[in-house]
Amino acid sequence: MEVKEILDANLIKSDMSVATKEEALNTLCQKLIDNGYISDVEGFKKDVYAREKEGKTGIGNFIAIPHGKSEHVDNIGVAIGINETEIPWESLDDRGVKGIILFAVGNDHEDANQHLKLLSLFARKLGNDEVVEELLKSTSPEEVIQAFS
Amino acid sequence: MKIVGVAACTVGIAHTYIAQEKLENAAKKAGYDIHVETQGTIGIENKLTQEQIDAADVVILAVDVKISGRERFEGKKIVQVPTEVAVKSPNKLIQKVTEVVEAQ
């Protein structure tokens, strides 16, 4: 069981070029619905924004981890965008972000324990400065996945 | 110094585990022994043993929610912070914990 098994190259946009949080979330949600991970973009986004209101999801080091537990999630997944420029985001270090990692998790996860385990190991890696540095340098989905292996 | 800790955030998907990683790295950098239990969506992982708790000089609770098994730490020195603090400034937190332990 490897952490990178939770990642799907189809959910990674390594050359994202947006200016706002809203645009970033729209881009990543589109990837999730195009690839069958979520069933309803607006419904899922509502749950993500509900979590955004509870506290900062920018964890410093130019990384944000918006996430929502949502009934509109069919498959647990992670959409990743690496943006060309820093975009404004509520962050612990009061700086903008370049790497946006959107977690999609369903409400019902009786059959999903293995995926959740992988997701926890993946989240853990985001606490590692070297992994984050590799991630932000990535220019292709393959490089993004490589950063986590 | 020996540290035990618990990390737990509101949703239990991301911050919990990032806090765990940051705490472990910062403690190791300071040359300390650390064990961090996580209480998340997936349940309790890396559960602390009674021996680890007994041997610990201090307990770090990086938590945003009520945790289960808090009574295990009764009588021990506890430093409690939101997960944000462990994620944002783990080294500073370990330094503060050091001061707390040395002040006794």
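Modeller: Contact here means heavy atoms within 4.5 Å. The model under discussion is predicted, with an ipTM of 0.91 and a pTM of 0.93.

Colleague: With which residues is A:Leu119 in contact, leaving aside its neighbours within four places in sequence?

Modeller: On that basis A:Leu119 is in contact with A:Ile6, A:Ile76, A:Val78, A:Phe103 and A:Val105, and also with B:Ile13 of chain B. A:Leu119 lies in helix H3 of chain A. The C-alpha atoms of A:Leu119 and A:Leu7 are 9.3 Å from each other, although 112 residues separate the two along the chain.

Colleague: Why does A:Leu119 count as buried?

Modeller: Buried means under 20% relative accessible area. A:Leu119 has 1% relative accessibility, and therefore counts as buried.

Colleague: How do you know what confidence the predictor places in chain B?

Modeller: The pLDDT scale runs from 0 to 100. Chain B has a mean of 96, and 99% of its residues reach 70 or more.

Colleague: What makes the set that includes A:Leu126 a nonpolar core?

Modeller: Such a core consists of buried residues of the types Ala, Val, Leu, Ile, Met, Phe, Trp, Tyr and Cys, joined through side-chain atoms within 4.5 Å. The largest one has 55 residues, and A:Leu126 is among those with the most contacts inside it, as are A:Ile80, A:Ile101, A:Phe103, A:Phe122, A:Leu135 and A:Phe148. Helix H1 of chain B, residues 15-29, gives the most to this core, with 6 residues. A second, separate core has 22 residues, including A:Trp89 and A:Cys29.

Colleague: Which residues does A:Leu126 touch, not counting those up to four places away in sequence?

Modeller: A:Leu126 touches A:Ile59, A:Ile65, A:Ile101, A:Phe103, A:Val132, A:Leu135 and A:Phe148, together with B:Ile18 from the other chain. B:Ile18 is also one of the buried residues of H1(B).

Colleague: How do you know that the span of H1(B) agrees with expectation?

Modeller: The expected span is 1.5 Å times one less than the number of residues. For the 15 residues of H1(B) this gives 21 Å, and the end C-alpha atoms are 21 Å apart, so the two values agree. After the helix comes B:Gly31, with a positive phi near 80°.

Colleague: Against what do the buried residues of H2(A) pack?

Modeller: They pack against helix H1, strand S4 and strand S6 of chain A together with H1 of chain B. The buried residues of H2(A) include A:Phe44, A:Val48 and A:Arg51.

Colleague: What makes one space a cavity and another a pocket?

Modeller: In a cavity a 1.4 Å probe fits but cannot get out, whereas a pocket is open. The structure holds 1 cavity of 30 Å³ or more, and the largest cavity has about 40 Å³ of space. Its lining includes A:Leu116, A:Leu119 and A:Ser120 along with B:Tyr17 and B:Ile42. The largest pocket has a volume of about 410 Å³. Of its 19 lining residues, A:Asn61, A:Asp129, B:Lys22, B:Pro90 and B:Asn91 lie nearest the centre. H1(B) supplies the largest share of that lining, 4 residues.

Definitions and conventions: Residues are numbered from 1 along each chain as its sequence is written. Chains are lettered from A and ligands numbered from 1 in the order in which they are written. Side-chain values use heavy atoms; hydrogens and water are left out. Buried means under 20% relative accessible area, exposed over 50%, partly exposed in between (1.4 Å probe, protein chains only). Helices (H or I, at least four residues) and strands (E, at least two) are DSSP runs, numbered from the N terminus. On a 1 Å grid over the protein atoms alone, a cavity is a set of points where a 1.4 Å probe fits but cannot get out, and a pocket is an open set with protein on both sides within 12 Å along at least five of seven lines; lining residues have an atom within 4 Å of a point. Grid points are joined across faces, edges and corners, and a volume is the space filled by probe spheres set on the points.
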